[in-house]
Amino acid sequence: MDKLTTRPTEPSPEDAPARFQRFNLYDNPFPANPVVNQDSTDKRINGDVYEMEIRSREYERMVRGFLQTPQTDVNHLRLGYIVDTSYIGRGNGKSAFLVNLQQAINREYCLDISNGVNKCFALYLKPEPGGRTKTFASFVDLLFHSMLRAGIVDTCLAILRLEALSRVYPDVPLEVGESDQELKDTVRALNSEEWYKDRQLEYRKIGRAIVENKYLQSLPLTFPILRETQYLRAEPVRQEDFEHTYCEGLRRPAERMEFVFTDLIRLFQAAGFNGAYVLVDDFEQIPSFQSARQRTDFASELRACLFDGLSLNARIGFYNLFLVLHAGVPRLIGEAWEQSGMAHRAPIEPPFAARHVIPFEKLSKAHAVLLLRKYLSEYRIDAAGSDGLAPFTEGAVNVIGEMSEYNAARMLLMAYQLLEKAASTEGQERIDEAFVESAKEELSLDLGRDIPGIQEAASLDLMKKAQDEE
Amino acid sequence: MANAVPLTPRISSVKRFYFLEYFYVLLKSIEKYADREQIFESFKVLKQKHRLGESKYRIRFDIEDASEELSEHQISRFRYTFDEVIDEAREYDLITEQQGTLHLTPRGAELLGLYEGGDVRRFNVFLFECMEKEYQEPFRYLVKLLYESSTKKPGLLIFPTYSPRQLGFRREEITRSADIMNYASVLVDRLERDIDEHLGMQRNLDEHNRELLARLQSSPSRLLPTAPSEQFDPRAYNKIIKRFRDHWIGYFLNKIYGYEQSLSSFERWTYRGKQIGIVYATDFYPSFEGRIVYPTSVVLGSAQSRDFRRLYEYRDGMGLFVHQPDWESISDEFVKELVNGYFTLRRSNRNYFVNLSSLRELVCYSLKISEYLFEEFLERAYRLNLSRKLPIGISLEVDKLPEETTAMYLKREPVLVDGRYRNIIAIDVAKRS
């Protein structure tokens, strides 16, 4: 038989509909594992698909209580709590909220939100799992690394160079783009030696102009930006040099704290920032692994750095911290807060509604609809050709909401599973209450929240073991 | 020897106390004093010191302060226990009575020495041998009963119990006779379902239910009024619910598993066996409402596996072997089960810490090991973890979980590791550098 020319009896199909095409979707828009991972490229889980409307109340409180209060106001709030009051566990959308809040602040460095009063950047950090962030020193390390990840040091260096450039070489044209990518390119260019060489600019002059900045005068000579003009051949320092100084040069925790809570603030101020918002997600991971003593020590050091210590930050309140607390955490850290005096500065459970406590509430029916609609709209093949919620009916969304106790992550997981099931069921065009009801058994199993019963638990058969030859 | 006539174990004559440590308390008191009253005084003090109560649970000091004045009722209970321990110690030839004074025999002194030398395990085994001899092999009977009554899950006996709250009733709603009857019928449905599900049997419990209700209504106790709409004495609530509990545990024991004696004798043998490491019993297995009992030993002619230790040789050549693997042979499996159990418990709990006693129940059942082996192995794993020689990280704390109430810790023994009682545990499986 000639295998080169013989064709199969059935020809290959010319085309077939995509798996989710009949629902007007090009993929399953819901995440199979609904846990926010900021570094992922999948927009289902990196916080990109986000309906701000759902958390508009929390956002408004944030804006009014923090973002719009001038940083120059000595009484501005320096520590806030986002407290989950819902008692439904993980997946209420706090991480997604924070990631989007960070983006909203960094979009225009808060200038738009505060009507030009504040120029602040936002940092997002998460304690390492498993109790590795236990001491305040390790928390400071985490804070510093979140700055590196956000590239804020590079940005500040570029701002300083840009300003110096316009003074030293007023005739050199420099166009700064609008888009994120163009901005990034500009920052990278301004921080590279080649860029200056290519344009035959003498970097030493620019470096000298930078160190004239009044905020940089009190810094120690070992601070990276001051080093660049100390040698014969001047070259622009970069973020990596700061990282090297911090990790290799500063060994003692006290030195590192000085670096983060005083020296770096000077750099940020020189670049025109008057504050920063530090969003600490999953704060519970710190006290959960601490002993009572460690909790009190941590709280005392936090208080010293934020309010009462000698650092520049304690004096002017540059960094504003937001701690995200799950429902049980206030009780966990209450005693430490009391003993360290934090409870007087920023009580976690104030007796009356306070601006610094932002309750993070349980989602409602309307929110559930908004949430699913947002995800669906991101994956529509033809955005005009659907009512937004299809193939889900509103009734089905209500059932999903109730079954998952309006926990955002569980709703998304259920939606994912239901859509998968509908796609594999021929002729299933709609996901309505009846369909959810019929799939209930599989769903509740898949959500796997319960501990298996004793009948399912595996156990050694002793009699067999005793009789078996080894 | 193999044809020896099987003995009829005297299981019902067991004396009325649970803790084997009572023997130590008695022997120690007799070592110091000869006069019965003085011995009793010392016995009272030591009993409190070792947290020995009259039930199978240890006394918690935060609840019952040792320095408090004892009521007459308490004293009479203590004296009863005291007399029971003396009787049993005499049966084992540990003490003798001479003209109204009590003295240690050489055997008694030997046993006391074992405890004081820190070898509690050998102390328990010594007593086990006494019991096995004196009561005509009660533990052999018990282990055999367990294996014979449950073949689906070898040796596992379940005793489901449900309080009204667990069945969705609210305490304040239960005031009339009719409310109790309502609870009774929901309970019967649930138990029938459990029997079907766990044991694969069809049982109709209506008649036994009627019997129980009739007993509650009849004299002398008359806990329940006969007219359904009539209210019962609210002070009797706990007593009534306990009757339900005991009745149905007794039903399972006698009618399903075929134990021919009283529930209380069964309880005493199982909890004594638990201290020796022969059987395991718990009321707190996660995800199961009620009690479970299973053997951690076997009765065989010989055991092929080296993980078994012969505790006793019977007249017919059979032996009782306890499952007692070495750390070296079980370490990997133990750590694996610890991690599995930890993640199982975390499924229903977002906290990084889980209740250590719950984890103990899961691991002990899975590996069929005794409580003291669990403690020993956990201690070893914890020390390896401290010296960074374990692939996982273990964090043990004395604190309690925020969502758990003190009541949940009342009856559950904490786990002693590294010299401190630990209540909660967290595990980090990320490979450490």
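Let's start with one helix, H13 of chain B. Its buried residues are B:Leu373, B:Phe374, B:Phe377, B:Leu378, B:Ala381, B:Tyr382 and B:Asn385. Where do they sit around the axis of H13(B)? They cover an arc of only 165 degrees, so they are on the same side of the helix. Here is the general rule behind that. An α-helix has 3.6 residues a turn, so residues three or four places apart point the same way.

Keep in mind that this is a predicted model.

Now the dimensions of H13(B). After the helix comes B:Arg388, with a positive phi near 60 degrees.

Three strands of chain B form an open sheet, in the order E9-E13-E10, with antiparallel pairing. At the edges are E9, residues 354-355, and E10, residues 393-397; each pairs on one side only. In general, strands of a sheet pair through backbone hydrogen bonds, either parallel or antiparallel. Between E9(B) and E13(B), residues 424-428, there are two bridges. Look at B:Asn355: opposite it, in E13(B), stands B:Ile424.

Next, a single glycine. B:Gly53 is in the loop between helix H2 (36-49) and helix H3 (72-91) of chain B. Is it buried or exposed? Buried means under 20% relative accessible area. B:Gly53 has 6% relative accessibility, so it counts as buried. Leaving out residues up to four places away in sequence, B:Gly53 touches B:Phe19, B:Tyr22, B:Lys47 and B:Ile59. B:Phe78 is 25 residues away along the chain, and its C-alpha is 9.0 Å from that of B:Gly53.

On to the cores. The largest nonpolar core has 145 residues. Which residues have the most contacts inside it? They are B:Phe244, B:Leu320 and B:Phe334. Helix H9 of chain B, residues 237-256, gives the most to this core: ten residues. Another core lies apart from it, with 78 residues, including A:Val83 and A:Ala299.

Last, chain A. It has 19 helices and five strands. Of its 470 residues, 51% count as buried. Take the contacts in chain A between residues at least 6 apart in sequence: 75% of them join residues at least 24 apart.

Notes:
Residues are numbered from 1 along each chain as its sequence is written. Chains are lettered from A and ligands numbered from 1 in the order in which they are written. This is a predicted model: local features need pLDDT of at least 70, side-chain atom pairs count only at pLDDT 80 or more; totals for chains, interfaces and linings use all residues. Side-chain values use heavy atoms; hydrogens and water are left out. Two strands pair if DSSP finds at least two bridges between them. Helices (H or I, at least four residues) and strands (E, at least two) are DSSP runs, numbered from the N terminus. Buried means under 20% relative accessible area, exposed over 50%, partly exposed in between (1.4 Å probe, protein chains only). The arc is that of the directions from the helix axis to the C-beta atoms. A nonpolar core is a set of buried Ala, Val, Leu, Ile, Met, Phe, Trp, Tyr and Cys residues joined through side-chain atoms within 4.5 Å. Contact means heavy atoms within 4.5 Å.
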